[in-house]
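Subject: Structure handover

Hello,

Here is the structure I promised to pass on. Please open it first; my notes follow below.

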Amino acid sequence: MSVVDEVKQRIDIVEVVNQYVRLTKSGRTLRGLCPFHSEKHPSFFVYPEQQSWHCFGACNTGGDVFSFIMKKEGTDFGETLRLLAQKAGVTLSTKSEPKAKEKDRLYQVNQAAAQYFHDLLLRSPESEKARSYVASRGLSLKTVTEFQLGFSPNKWEGLKQHLLDIGYTEAELSTAGLVIESEGGETHDRFRNRLMFPICDIRGQITGFGARALDDSSPKYLNSPQTPNFDKSSSLYGINLAKAAIRQQNMVVIVEGYMDTITAHQNGFSNVVASMGTSVTEKQVGAIKRLTKNMVFAFDFDTAGKEAMLQAERTSTEALDKDTIALPYRDPNRPPPPLDEAQVRQDQKRQRIVTYAGIPDVEIKVLILPEGKDPDDVIKEDAKIWRNLLEEALPIVDYTFNMVTAKLDLNTAKDKSSAVDKLLPIIAEIKDTVRQAHYLQKLARLVNVTERNLEAASKRIKPSQGRRQAEEPRQEAIAQALRPVFSSPLEEYCLALLLQHPELKGLSQHPLPEHFENSENREIFVAWQKVDDLSSLKEELDPAIREYVDYLVTKSLLPNQIEEKYADCILNLRKEFLRSLEAKREAALALEAELGGTAAELAKLEEQGIEVSVQLGEVFAEKGRKVRSKGGEK
Ligand SMILES: [Zn+2]
């Protein structure tokens, strides 16, 4: 979830507006005197359910909490975000790059820490237990040195004292995540009594640490926190030692754990890196794409993988996703549907696969591990088995075919349709048209229907919405619950089209900024009119929404009939806008009638309603014309 969504989720528009306007409530709507124009009779309404506002008076405009503050305080989007984030208690990561010098200093302090841990592991009497653990895992001294494994002693200030002694400051230790600050402002070592795995970037600079408990402390694995140098979701363990082999073999094998990587390297499989216990993130794929486009994922997709994926969903955005799952809806009258954990995992797994399948110019294969074993076990048992498994790795879409159809009886109509429901959205996501056609053919053969029928069905799936359309109602409910509350698929889809196809800017028909209900979408739409390319667009926008732009730019869209889709989008946005306006006006009208509005006010609202109806009529007429002209072509 983006920081903007998080702020919106925590902020209540009623509370915010209440600080400027005295609101009177009735039912689910509130009204007050408009703070933007002078009036005697209130025509300003707030809708807690939609977290939006609208003035039916002189302003005749509305929006969300962001647009309210922007209009009221005259702030730009970024300033508004900071203001509201502070109110909501959301910390904004300062995306401004720390100076190169500062970063260098952090690499150095990490290097000094790694050296300290490493020396202790090799020589200190207190590392006896760590050394015997390393020996029990069969690691050679050469491997221990190559990976610079270490031991953090069971002391509160062992590392801290050492680093202070050699000239680092407490602030540097803290920024590097090597110490933890307690409530009283005292700091102590983060890693104690653990086997230490320094994590390097591709150039071999130590960015952070992974640490395995040597007793039964929890958690078993502990990582450095996010720092200016360390971002777990984009790091790959072992990449510094694997890069040459990856280039040479034009293939990377991605495993889950530190030990899997180390054992692989020790046995001559040097193109192996670890995603560090999480499923592979798009950032990681992006980082490795520069070395090779052939990736093999070697983790158990069916059992442990599920767990890891669930973890990934939660940790990849620094626990924000967890909030999406855990936070109740604001409106107590509409609780979220109960979440079935297993079902959620299954959904997320499929979602991942859909995402992986949609990554362009990358061939992702899945290595199927023997039940209950991880790469570490397999390689140690027999390197030949590992080699065979690698050779038998299946492209991820084929793997999904097997997985989906294994439990189905494709002689029955019900199971055929279930196979199509599950596989078609994944196929629709594939960007490469040749590969897409290949899998359409495969599915057609499998369920024994004509390819043309399937193709027609796949075209009806819009990538942004297709998944949801194809899901069963229950999954639909879960997907809804997991979705950031404020996302609007239609707005996102329209922006993704625009950003990915700059040629659309040349067309004469466009949506109006107000047709985007989400302020950040509106912000991006308006900024895109002013600039020519994506990098200028990002410069134009607040850092907090740049990542969201990246998401929109990489969203996979079917490459056909772009102009037509855009035209549909414009119409649909307008329709949605008018419908929502209509609903708001009706709620306002009901409130007016209840609180005893004057006849003139009621008449005015009615009149506006007629205007909206006329416009909606126009939209439907135009949609009708389009459908007829499409029919005429055939
Ligand atoms: Zn007004």
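One caution before the details: this is a predicted model.

**Overall**

The protein chain has 634 residues, and 50% of them count as buried. Its secondary structure comes to 29 helices and 16 strands. Among contacts between residues at least 6 apart in sequence, 66% join residues at least 24 apart.

**The four-stranded sheet**

Start with the open sheet of 4 strands. Its order is β6-β9-β10-β11, and the pairing is antiparallel. The edges are β6 (150-152) and β11 (221-223). Each has a single partner strand, so one side of each is left without a neighbour in the sheet. On average, neighbouring strands here are turned by 35° against each other, direction ignored.

Inside the sheet, β9 (residues 194-200) and β10 (residues 206-213) run antiparallel and are joined by 7 bridges. Look for Leu195, which stands opposite Arg212 in β10.

The loops of this sheet deserve a look too. Gln205 sits in the loop between β9 and β10. With 22% relative accessibility, Gln205 counts as partly exposed. The cut-off for buried is under 20%. Leaving aside neighbours within four places in sequence, Gln205 is in contact with Tyr107, Ile199 and Cys200. Gln205 and Tyr107 are 98 residues apart along the chain, yet their C-alpha atoms are separated by 6.3 Å.

The loop between β10 and β11 holds Pro219. The peptide bond from Ser218 to Pro219 is cis, with omega near -5°.

**What touches the sheet region**

Which strands does helix α11 lie across? Helix α11 (residues 258-266) lies across β9, β10 and β11. Its direction is at about 75° to β9. Of the 9 residues of α11, 8 are buried, so the helix is largely enclosed by the rest of the structure. Among the buried ones are Tyr258, Met259, Ile262 and His265. Just after α11, Gly268 takes a positive phi of about 90°.

Then check Asn110, in helix α5 (residues 100-123). Is Asn110 buried or exposed? At 2% relative accessibility, Asn110 counts as buried. Not counting residues up to four places away in sequence, Asn110 touches Ala176, Leu178, Ile206, Thr207, Gly208 and Phe209.

**Strands β3, β4 and β5**

β4 (residues 52-55) pairs with two strands described here. With β3 (residues 44-47), the pairing is antiparallel over 4 bridges. With β5 (residues 61-63), it is antiparallel over 3 bridges. His54 of β4 is the bridge partner of Phe45. His54 also stands opposite Gly62 in β5.

Side chains in a regular strand alternate between the two faces of the sheet. In β4, both faces are covered. Ser52 and His54 are buried on one side, Trp53 and Cys55 on the other.

The hairpin of β4 and β5 has 5 residues between its strands. Its turn contains Asn60, which has a positive phi of about 45° although Asn60 is not a glycine. At 44% relative accessibility, Asn60 counts as partly exposed.

Asn250 is another non-glycine residue with a positive phi, about 50°. Asn250 lies in the loop between α10 (239-249) and β12 (252-255). At 38% relative accessibility, Asn250 counts as partly exposed.

**Cavities**

How many cavities of 30 Å³ or more does the structure hold? There are 4. The largest cavity has about 50 Å³ of space. Its lining includes Phe45 and Phe56, along with Pro42, Ser43 and Gly57. Glu592, Glu601, Lys604, Leu605 and Gln608 also line the largest cavity. Helix α29 (residues 599-633) gives the largest share of that lining, 4 residues. By class, the lining has 4 nonpolar, 3 polar and 3 charged residues.

Best wishes

Definitions and conventions:
Residues numbered from 1 in each chain as written. Predicted model: local features only at pLDDT ≥ 70, side-chain atom pairs only at ≥ 80, totals over all residues. Heavy atoms only, no water. 1 Å grid on protein atoms, 1.4 Å probe; cavity = no way out; pocket = protein on both sides within 12 Å on 5 of 7 lines; lining within 4 Å. Points joined across faces, edges and corners; volume = space filled by probe spheres on them. Nonpolar A, V, L, I, M, F, W, Y, C, P; charged D, E, K, R; others polar. Pairing = 2+ DSSP bridges. Axes fitted to C-alpha atoms, helices over the stretch in contact; angles between N-to-C directions. Contact = heavy atoms within 4.5 Å. Buried < 20%, exposed > 50% of the residue type's maximum accessible area, 1.4 Å probe, protein only.
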